[in-house]
Amino acid sequence: MVPATSTPAEPAGAAPARAEAADVVGLGRRRAAAFVAPALVLVLVFLVFPALWTLYLGVTDYRLTGLAATRPHFVGVRNYTDVLADGRFHDSLWLTLQFVGGSAVLGQTVLGFAVAWVMRERPAAVRRTVEALVLLAWILPGSVVAFLWLALLDRDGGTLNTLLGTPGTAWLLDHPMASIIVFNIWRGTAFSMMLYTAALGNVPPSHLETAKLAGASTWQTLRDAVLPKIRGHVLTSLLLVSLWTFNDFTPYLITAGGPENRSEVLSVYVYRTALGEGRLGFGAAISLVMLLVNLAIATAYLRALRRRRA
Amino acid sequence: MTGVELSALTKDYPGGVRAVDGLDLAVPDGAFFALLGPSGCGKTTLLRTVAGLETATSGTVRIGDRDVTRLPPGRRDVGMVFQDYALFPHMTVADNIAYPLRIKKAGKAERHAAAARVAASLGLADLLGRRPAELSGGQQQRVALARAMAARPKVFLLDEPLSNLDARLRLEARTFLKKLQHELGVTTLFVTHDQAEALAMADLIAVMEAGRIRQLGTPAEVFRRPANLFVASFIGSTPMNLVDARVVDGLVEAAGARLPSPVRVVGDEAGESLVYGVRPEYLDFSPVPVDGAFHGRVVVVENLGTSSLTTLETGGGVLVHVVVPEDAEPRPGDEGWAVPRPGRSLLYRGGELMTDDVAAAA
């Protein structure tokens, strides 16, 4: 196809504008900027400004209501020192790490990979049914699945108690962390499964067969033929699910952080502090700390990815 | 030392595709054996069934005196080279070669010694520390061969061993593989769709079509006396002339020419439609009239290097190809005669080669 711009004779009036344009399309700097501007404005209003606002809030005693809501005072780094010294923050951070480690890194990744691996050689009908079911957990709205799980785990007349024959067991009260970890595995496995299904499709069949011919066990096949080939996919998947899980707010819909803060992961902690108790400044400080933890996680994964290429 | 024996082997794929159809085959011990056929003929499936990567639907596979039909690939004692070589990119050449030994739990020292020994015999000694990505196509192929050899299997299986190499390298690898196979003396099956490759390398060729073997023989047999029209049209770089023919007065009449019959005809063939086959290489071109020859006008002359492939259009519109040696090429438009060399022409009846035995029996 001939590009539409390849007109042999340029109209005389357009020549000066063309001359100053250094870009391929010939828009010129100003007109190009005009095209990008709306997007930039959106980014500024909805991303950059809130981020800066959070930074500002973090160094004030801003509250949702009361005197400090109208006249916040600058308090310097006091919010941050308070956060870092706060026992509830430490507990929450530890719970969040359990949540991420248990549900994202171990649960979703291992289960997602296992489903992808097992489904690899199944008939298409079986594979599609399983994939559809797993995906369903992922695409349903959070409020809906939270309600489903409340019904499942309910103390009186809950589905799980009926199935197990353990009436009166208060799963959400007795095992709040385990409940939200299992819940999040159930909910998020679809992503890992899909990613690993695609990744496994990239492993040449002849590599798997080479391992088979040598007499390799499943574990040896995974170690020698599969994992080295999909290491990049594994790290990418881990990075994404770790960050998503770290910032996930759905547990609040199930346990609301309770009982006694025993399932209060950081996102819930921020919410309860900033909006529940109205301490916006303190909440903003926690948010920034969360962001730094996220950055640390991301950096660690990206390092690992880069080491692969080196 | 071990042969491979297949009996009544059938492989059905889900969906009703029968890739291998009740096939019997005995590969003698130490043979360099080609499975040759067009794509989709079941040759690769057959090789993979011998390897154990596919399970036979029915029938048996025997390697040596063992029935391996139900054994997993790892316990069949076969070494296989895949079309794409399937080298593990994260392992060095040495680790790749020693891989089967590692799975067999051989010690590190033993593995390294074996890898070094095999590598040296294939001219890879200097490359042991490299990664597959740092090797040329030919070197990668030799690493794959070395890996297949490292565990000293009883049978080698090569899937399209030359197809990933460029034309020049392919000739080199052909010679190399043949020499290596004769030195090792290990029974080797290879799959190819290239008849020239099969003719050049194999001791024995099985020509396959639609899951069955259409002819089994040495390259010379398969080339000179194709058992049926399928093999006749498949084998040969320049396709064989296959001309509709009839027997008239003890002579074969084809494309307007009256030719001596290659087999004794007793008369019951009279009037039956037969096919007369002769390779372009076995026709002699003459610019002057000759008896018992195809006669026609030269329409195309294709240069093959040391000879030319000349196409004659006979009176009935049938095209006959003749290979003409250099310096004797006619020009398009010339008249020409093509004489079949004695003993080199064939007659097919109902698609099958007629032999004197059959003619006598009939």
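Student: Why is B:Ala255 called buried?

Tutor: The cut-off for buried is 20 or more other C-beta atoms within 10 Å. B:Ala255 has 23, so it is buried. You'll find B:Ala255 in the loop between strand 12 and strand 13 of chain B.

Student: What makes the phi of B:Ala255 worth a remark?

Tutor: Most residues other than glycine have a negative phi. B:Ala255 is not a glycine, yet its phi is positive, near 50°.

Student: And B:Glu160, is it buried, exposed or partly exposed?

Tutor: Buried takes 20 or more neighbours and exposed takes 12 or fewer. B:Glu160 has 19 other C-beta atoms within 10 Å, so it counts as partly exposed. B:Glu160 has a positive phi too, of about 45°, without being a glycine. Its place is the loop between strand 7 and helix 6 of chain B.

Student: How do you know that strand 11 and strand 12 of chain B pair?

Tutor: Two strands pair if there are at least two bridges between them. Strand 11 (residues 241–248) and strand 12 (residues 251–254) of chain B have 4 bridges, in the antiparallel sense. One bridge joins B:Val248 to B:Leu251 in strand 12 of chain B.

Student: What makes strand 13 and strand 21 of chain B edge strands?

Tutor: The open sheet of chain B has 6 strands in the order 13-12-11-14-20-21, with antiparallel pairing. Strand 13 (257–260) and strand 21 (352–353) of chain B each pair on one side only, and they are the edge strands.

Student: How far can I trust chain A, going by its pLDDT?

Tutor: Chain A averages a pLDDT of 84, and 92% of the residues score at least 70. Over residues 6–18 of chain A, though, the pLDDT is below 50. Where pLDDT is low, the predicted coordinates should not be read in detail.

Conventions: Residues numbered from 1 in each chain as written. Chains lettered and ligands numbered in written order. Predicted model: local features only at pLDDT ≥ 70, side-chain atom pairs only at ≥ 80, totals over all residues. pLDDT = per-residue confidence, 0-100. Contact = placed C-beta atoms within 7 Å. Helix = DSSP H or I, 4+ residues; strand = E, 2+ residues; numbered from the N terminus.
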